[in-house]
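Have the sequence and the 3D view open side by side.

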Amino acid sequence: AMMGATQTMLNAQKPEKDGTPAKQSALVKLLEGLGPVAEQAQWELGSGASADEIAAHVVKVNVFAGMERLLIYSEPIREKVRSGEVQLHGAVYDI
């Protein structure tokens, strides 16, 4: 799902054939929250990466970003991780 969403977002950023900015669908607007994750993935892969490569890498970057958000915004989780009571693990799996 994440790869498809990222591909949709990347395609939506392409201008129309006449050069005008692309129109954004409701889905693209919802996916804008993935913008920083997609930008980081694109930066990590470099300018030669294809949209498919970026979309695949976004999945991994998003896992780490989610783990980071948990640690930033949840004091109880952050404290339990700090004390060693809890370990935070991320995973990428193919359904």
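First, some ground rules. This is a predicted model, so to speak: local features need pLDDT of at least 70, side-chain atom pairs count only at pLDDT 80 or more, and totals for chains, interfaces and linings use all residues. Residues are numbered from 1 along each chain as its sequence is written, and side-chain values use heavy atoms, with hydrogens and water left out.

Start with helix 4 (51–73); helices here are DSSP runs (H or I, at least four residues), numbered from the N terminus. Helix 4 has 23 residues and spans 31 Å from first C-alpha to last, close to the 33 Å expected at 1.5 Å a residue (the expected span is 1.5 Å times one less than the number of residues). Its buried residues are I54, A55, H57, V58, V59, V61, A65 and M67, where buried means under 20% relative accessible area, exposed over 50%, and partly exposed in between, using a 1.4 Å probe and protein chains only.

Now bring in helix 3 (35–45). Two packed helices are described by the angle between their axes and the distance between the axes. For helix 3 and helix 4, that's about 120 degrees and 8 Å, with axes fitted to C-alpha atoms over the stretch in contact and angles running from 0 to 180 degrees between N-to-C directions. On the helix 3 side, V37, A38, Q40, A41, Q42, E44 and L45 meet E53, I54, H57, V58, V61, N62 and A65 of helix 4; contact means heavy atoms within 4.5 Å.

Several of those residues turn up again in the largest nonpolar core, made of V37, A38, A41, A49, I54, V58, V61 and A65. A nonpolar core is a set of buried Ala, Val, Leu, Ile, Met, Phe, Trp, Tyr and Cys residues joined through side-chain atoms within 4.5 Å. Helix 4 gives the largest share, four residues. In soluble globular proteins, nonpolar side chains tend to be buried together.

Beyond its neighbours within four places in sequence, H57 contacts A41, E44 and L45.

Finally, look at G90, in the segment after helix 5 (75–83). G90 is partly exposed, at 41% relative accessibility. Leaving out residues up to four places away in sequence, G90 touches V63 and M67.

Notes. Helices (H or I, at least four residues) and strands (E, at least two) are DSSP runs, numbered from the N terminus.
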